[in-house]
Amino acid sequence: MDHFQYKDNQLFAEQVSLDEIAECVGTPCYVYSRATLERHWNAFNDAFEDYPHRICYAVKANSNLAILNLFTRLGSGFDIVSGGELRRVIKAGGDPKKTIFSGVGKQEWEIREALEHDIDCFNIESEGELQRISRIAQSLDKIASISVRINPDVDAKTHPYISTGLRDNKFGLTPERAIKIYEQASTDRHIRVRGVACHIGSQLTELTPYKDALDRILDFVDLLENRGIPIDHIDFGGGLGVRYHSEKPPTPSQYWATLKERLESRGHNLPVTIEPGRAIVGNAGILLTTINYIKEGEVSNFCVVDAGMNDLIRPALYQAYQEIVEVNQSDRIVKKSYDVVGPVCESADFLGKQRELAVEEGGRLAVRTSGAYAAVMSSNYNARPRPAEVMVDGDQFHVVKERETLESLYEGEHFIP
Ligand SMILES: *Cc1c(COP(=O)(O)O)cnc(C)c1O
């Protein structure tokens with residue numbers, strides 16, 4: 001459930017009408033709902049009841065400082081994939097000591113900064129990374145905490161670009177290779193072995209891949225114990241899906257109930273860390289856009305809006321479906337089928353195809369489920385400033401990111417003499 005609902009045929013975010021936001025801030029613009037963000041974070045946290053757990057929000061889904069700050073206030077930890085994300089967490093008041101560093105390509109400076117801030121754990125993905133972390137920890141006279149990301153070789157049954165747990169993905173390591181890293185790590189004075197990690201993909205709508213992955217992880221945990229290498233947590237990653245269209249993803253409590261049942265049936269009670277991103281922020285945001293032109297075509301009708309693939313690339317990149325709705329519903333206008341397209345000079349520049357909409361020029365649309373992997377993936381293609389971002393809080397709204405200015409787009413560019 002989210003807090004974007006109609007009142008008298010007008011779409012609202014909590015108690016604020018989207019028209020009001022569009023008039024004050026302009027479009028395109030992202031609008032987030034504080035109540036929805038908090039509700040979703042709490043749904044995960046509450047699902048665990050008194051089982052020892054930690055929620056490390058996956059910053060890459062939406063790294064706006066206001067969002068990170070809200071989760072900080074709820075007591076969240078963070079999962080980061082770059083030094084830039086670490087800076088954002090710190091800037092937002094987040095605790096580096098509750099931060100996990102994931103990703104296959106950690107650079108020297110990123111590892112150094114993470115160690116200087118005493119982050120909780122590095123989830124490492126290669127032999128070379130262990131060596132690099134050990135060397136930098138030694139130079140700083142620190143002890144780095146690590147988990148190894150296991151690739152459990154399960155099919156997450158999601159889009160190939162966001163499936164990460166198969167043997168042929170770049171992510172994680174097979175158990176056979178991981179065990180060697182643990183053995184080496186356990187003898188290294190600058191490394192502390194902490195846990196076992198995995199993350200099998202994103203937008204999962206079934207629980208079976210999770211069950212299969214957990215079984216493989218528990219096999220691995222047993223193996224580690226047999227080798228005398230104890231761990232203090234399992235990091236199960238993120239990946240729970242959201243409803244974009246007709247999907248019926250499990251709720252956080254169904255998800256946790258399944259995992260818990262599995263853990264208990266195998267006699268494990270290790271603390272669990274999860275790293276949800278999309279499931280927390282996805283449905284907490286919309287992209288608000290204005291219709292520039294209605295262009296009736298020979299084959300399709302086009303609804304040309306002021307938001308494009310540079311603002312929201314998911315439809316072009318993943319053939320993603322996102323619901324598009326009128327901000328003002330009217331019986332006066334005839335419903336027709338439209339391709340909702342942006343102004344960018346690419347045929348991939350669409351937000352939705354063949355959508356039944358009652359629209360006219362100057363009207364506004366909302367692209368739903370735009371809280372995750374949306375604003376963070378925006379670009380300046382076609383010299384377009386990235387959109388403003390707004391957070392609604394009850395009957396108030398706040399600009400949490402200003403629209404970029406045109407001048408800022410060429411700051412840092414120089415002529416040659
Ligand atoms: C992307 C990512 C997540 C978050 O995935 P969601 O599908 O947004 O929940 C969590 N952990 C890791 C390691 C990731 O790469």
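These questions and answers go through some local features of a predicted model.

Me: How are helix 4 and helix 5 oriented to each other, roughly parallel or roughly perpendicular?
Reply: The axes of helix 4 (residues 83-91) and helix 5 (residues 108-116) come within 9 Å. They cross at roughly 30 degrees. Angles under 35 degrees count as roughly parallel. Helix 4 and helix 5 are therefore roughly parallel.

Me: Which residues in helix 5 does helix 4 meet?
Reply: On the side of helix 4, the residues are Gly83, Gly84, Leu86 and Arg87. By class, this contact of helix 4 with helix 5 has 3 nonpolar, 2 polar and 3 charged residues. The partners in helix 5 are Trp109, Glu110, Glu113 and Ala114.

Me: Which helix supplies the largest share of the lining of the largest pocket?
Reply: The largest pocket has a volume of about 910 Å³, and 48 residues line this pocket. Helix 4, helix 10 (278-281) and strand 20 (396-401) each supply at least two residues of the lining. The largest share is 3 residues, and it comes from helix 4.

Me: Which residues lining the largest pocket are the closest to its centre?
Reply: By class, the lining of the largest pocket has 19 nonpolar, 15 polar and 14 charged residues. Of the 48 lining residues, the closest to the centre are Lys60, Val81, Glu85, Tyr373 and Val376.

Me: Is Thr174 buried or exposed?
Reply: Thr174 lies in the loop between strand 9 (144-149) and helix 7 (175-185). Leaving aside neighbours within four places in sequence, Thr174 is in contact with Asn151 and Arg167. Its relative accessibility is 19%, and buried means under 20%. Thr174 therefore counts as buried.

Me: Is the peptide bond from Thr27 to Pro28 cis or trans?
Reply: Pro28 is found in the loop between helix 1 (18-25) and strand 4 (29-33). Most peptide bonds are trans. The bond from Thr27 to Pro28 has omega near -5 degrees, and it is cis.

Me: What is phi of Asp153 near?
Reply: Asp153 is found in the loop between strand 9 and helix 7. At 29% relative accessibility, Asp153 counts as partly exposed. Most residues other than glycine have a negative phi. Asp153 is a residue other than glycine with a positive phi, near 55 degrees.

Me: Is Gln354 buried or exposed?
Reply: Gln354 lies in strand 17 (residues 350-357). Phi of Gln354 is positive, near 50 degrees. Exposed means over 50% relative accessible area. Gln354 has 64% relative accessibility, so it counts as exposed.

Terms used:
Residues are numbered from 1 along each chain as its sequence is written. This is a predicted model: local features need pLDDT of at least 70, side-chain atom pairs count only at pLDDT 80 or more; totals for chains, interfaces and linings use all residues. Side-chain values use heavy atoms; hydrogens and water are left out. Axes are lines fitted to C-alpha atoms, for helices over the stretch in contact, and angles run from 0 to 180 degrees between N-to-C directions. Helices (H or I, at least four residues) and strands (E, at least two) are DSSP runs, numbered from the N terminus. Angles under 35 degrees count as roughly parallel, over 145 as roughly antiparallel, 65 to 115 as roughly perpendicular and the rest as oblique. Contact means heavy atoms within 4.5 Å. Ala, Val, Leu, Ile, Met, Phe, Trp, Tyr, Cys and Pro count as nonpolar, Asp, Glu, Lys and Arg as charged, and the others, Gly among them, as polar. Buried means under 20% relative accessible area, exposed over 50%, partly exposed in between (1.4 Å probe, protein chains only). On a 1 Å grid over the protein atoms alone, a cavity is a set of points where a 1.4 Å probe fits but cannot get out, and a pocket is an open set with protein on both sides within 12 Å along at least five of seven lines; lining residues have an atom within 4 Å of a point. Grid points are joined across faces, edges and corners, and a volume is the space filled by probe spheres set on the points.
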